[in-house]
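Look at the sequence and the structure below.

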Amino acid sequence: MEGVDHLASERSRAQFDVEEMKVVWAGSRHALEVSDRISRLVASDPAFRKDNRTSLSRKELFKNTLRKTAHAWKRITELRLSEEEASRLRFYVDEPAFTDLHWGMFIPAIKGQGTEEQLQKWLPLAYKMQIIGCYAQTELGHGSNVQGLETTATFDPQTDEFIIHSPTLTSSKWWPGGLGKVSTHAVIYARLIIDGKDYGVNGFIVQLRSMDDHLPLPGITVGDIGMKFGSGAYNTMDNGVLRFDHVRIPRDQMLMRVSQVTREGKFVQSNVPRQLVYGTMVYVRQTIVADASCALSRAVCIATRYSAVRRQFGSQNGGVETQVIDYKTQQSRLFPLLASAYAFRFVGEWLKWLYTDVTQRLQANDFSTLPEAHACTAGLKSLTTSATADGIEECRKLCGGHGYLCSSGLPELFAVYVPACTYEGDNIVLLLQVARFLMKTVSQLGSGKKPVGTTAYMGRVDQLMQCHCAVQRAEDWLKPSVILEAFEARSARMSVACAQNLTNFANPEEGFLELSADLTEAAVAHCQLIVVSKFIEKLKQDIPGKGVKEQLEILCNIYALFLLHKHLGDFLKTGCISPKQASLANDQLRSLYSQARPNAIALVDAFDYTDHFLGSVLGRYDGNVYPKLYEEAWKDPLNDSVVPDGYQEYIRPMLKQQLRNARL
Ligand SMILES: CC/C=C\C/C=C\C/C=C\C/C=C\C/C=C\C/C=C\CCC(=O)SCCNC(=O)CCNC(=O)[C@H](O)C(C)(C)COP(=O)(O)OP(=O)(O)OC[C@H]1O[C@@H](n2cnc3c(N)ncnc32)[C@H](O)[C@@H]1OP(=O)(O)O
Ligand SMILES: Cc1cc2nc3c(=O)[nH]c(=O)nc-3n(C[C@H](O)[C@H](O)[C@H](O)COP(=O)(O)OP(=O)(O)OC[C@H]3O[C@@H](n4cnc5c(N)ncnc54)[C@H](O)[C@@H]3O)c2cc1C
């Protein structure tokens, strides 16, 4: 039934103002207006059609992406879209492309690591897309270990140039998105060598392809690294391989904000910390956290709407069957993911603030908050991407068999999303960075140095090591102070236990390696505390709209108590709560699921996603799932003919053979 809203009765049950919740989700009324307008612009433009991606060959897929990016750029310039609008447009086009790396990493790398003159020279070209750039750091042999990169940039004082060279096979740049077939330029990371001395890894701008005919410049070998996980999915991206054979670039193409090489070949370290060479990664990790809430909310929107449409069992006297969303098991799998999507949204907002703050401080030569910014971006990137990748897969299962169909949108979403657990830092490697930061914090507690920011709670370590959870009734778990104390105590106790265990090793580095699994668990506990505490902080703000704050409180409590339930071992082992209190938390969680149930559809409507963006028959706004699912099946190229291609060659002879055998 076209035009009928099959989810209307669900929507009428909502106990809050959905339009106001949309504002909270978008971040502001202005952000909602921009997002809403641009998403509809993209959805109504046939050039941005994406429902045929999974049936295209790699070459068709890639060319299709080139066409879309060119069309997107045309619309951006024709409509004179602002930077914010243009970035929303790329987001809603929803197709990984070289432009992600151009805008997301190449430009930020120049901005963060270039001098004033370098910004003036390169940024106007990049902003007008007169050059297209990528971020070439990872090599065949080294990704996580950036200090282990092998590409060299040797200064030649005779010509005032650097000679960029790939000395080994393993030094080949490997993975950079946009490198394979498109980029004209790259920021590459290479070891700086002057007079035979190695000054470590630095960034350099290198032209790769001719601006006339796009052919690689002399000394450069470049290509695509091949098909990746999932049909369609990330294969729209030309992740590339790159080798240099003594390629010369002018000296002023070394990014020189952090360190400089003079005309005489003298290495000068400026007063900014060397770690700023890693600054682009901090920036991108922060954007990836914000993106996690988008990907998770998208999967949750599909699974929630479909769970309200889908009915199985429970029919009494020929009446309707039960909506699967009414099963407690479905709620206990789905609602924590819904709550996580909101939690990641708010922690992403906060992280953006933290990043802006640290950037302003760096400009004023205040480097004091850089270690915390690194730990927070690394840890939250790890936590949110792992939870989102798992969450998308859980949403697929929540949709039963139909979730496995590409028309559900979930397989492609998963395939595109899952590398987020690896790119921009492997999630375990990043947790180990957080653990280092925590161990440092604990070791300094005795020295009188007061921990600040997200580790401020460690300053109350004596109290947190001894406190007893005050919960006596299930409702006590609704108090933010109770939740916070339990999460702070768990995190502090896990970190302190690791720090104490480390003292058993004569060599601290050896101890760190031996205890690394425990250390990552302590890091997860700390990061979960950050997410919970930022959600609680958000609720202290003035949030207008009927029932909006109440719904967010329910979601915040679901998020926290779900984590407590999932990591019960930590809470019990560290003695933060008793088994009885754990069981009360579980009772409270069940009650919270019942409170969320009537609002579930409205809570996913608040994401304000168009059907085009969702790209899912199961997640349609109108809930008209079955006719569309049926219709979609017939569009498959296999159904172009009734009798399949190959029948004469393979099926018929086999059937005939069976017939002959039967007659014998
Ligand atoms: C594509 C569209 C579809 C979907 C995309 C979805 C979402 C994306 C949305 C938006 C993003 C926009 C654009 C991007 C698009 C897509 C992303 C695609 C690709 C991603 C590209 C990449 O992957 S680029 C390569 C990334 N590589 C890594 O992350 C490497 C990881 N390794 C490291 O970071 C480091 O080597 C290390 C930290 C693990 C170890 O370094 P090192 O050996 O030097 O470290 P130490 O441990 O000895 O540390 C020394 C001290 O330095 C401190 N430190 C380390 N790192 C930093 C940092 N970044 N900032 C500040 N300080 C740092 C460390 O703490 C130590 O300090 P001490 O005080 O203890 O000495
Ligand atoms: C889709 C995609 C896009 C990418 N885009 C880019 C790009 O544009 N530019 C770019 O430069 N790079 C890019 N990369 C590369 C990416 O950044 C690296 O793959 C990533 O940083 C992980 O490094 P690795 O591959 O060396 O993993 P490895 O470090 O080899 O990881 C292998 C395993 O070893 C474990 N491990 C490694 N070190 C440790 C340790 N110290 N302790 C414990 N365990 C450890 C890891 O947890 C993992 O399980 C991309 C990668 C992908 C998948």
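UniProt positions are given in the numbering used here, feature names are shortened, and annotations may be inferred rather than shown by experiment. An unreviewed UniProt entry gives residues 17–132 the annotation "domain: Acyl-coenzyme A oxidase N-terminal". The model is predicted: local features need pLDDT of at least 70, side-chain atom pairs count only at pLDDT 80 or more, and totals for chains, interfaces and linings use all residues. Residues are numbered from 1 along each chain as its sequence is written, while chains are lettered from A and ligands numbered from 1 in the order in which they are written.

**Annotated span**
- Residues 17–132 are 72% helix and 0% strand, and their end C-alpha atoms lie 44 Å apart.
- Helices (H or I, at least four residues) and strands (E, at least two) are DSSP runs, numbered from the N terminus.

**Ligand 1**
- The shell around ligand 1 has 32 residues, of which Gly 104, Val 146, Gln 275, Tyr 278 and Gly 425 are the closest; a residue is near if its C-beta atom, placed from the backbone, lies within 6 Å of the molecule or strand.
- Two or more residues each come from α6 (98–113), α8, α10 (370–398) and α12.
- Helix α8 gives the largest share, six residues.
- By class, this shell has 15 nonpolar, 13 polar and four charged residues; Ala, Val, Leu, Ile, Met, Phe, Trp, Tyr, Cys and Pro count as nonpolar, Asp, Glu, Lys and Arg as charged, and the others, Gly among them, as polar.

**Nonpolar core**
- A nonpolar core is a set of buried Ala, Val, Leu, Ile, Met, Phe, Trp, Tyr and Cys residues joined through C-beta atoms within 7 Å.
- Buried means 20 or more other C-beta atoms within 10 Å of a residue's own, exposed 12 or fewer, and partly exposed in between, with C-beta atoms placed from the backbone.
- The largest core has 180 residues, and Ile 558 and Tyr 559 touch the most other members.
- Its largest share, 17 residues, comes from helix α8 (residues 279–309).

**Positive phi angles**
- Ala 233, not a glycine, has a positive phi of about 45 degrees and lies in the loop between β7 (220–224) and β8 (240–244).
- Ala 233 counts as buried because it has 24 C-beta neighbours inside 10 Å.
- Glu 424 also has a positive phi, near 60 degrees, and sits in the loop between α11 (410–417) and α12.
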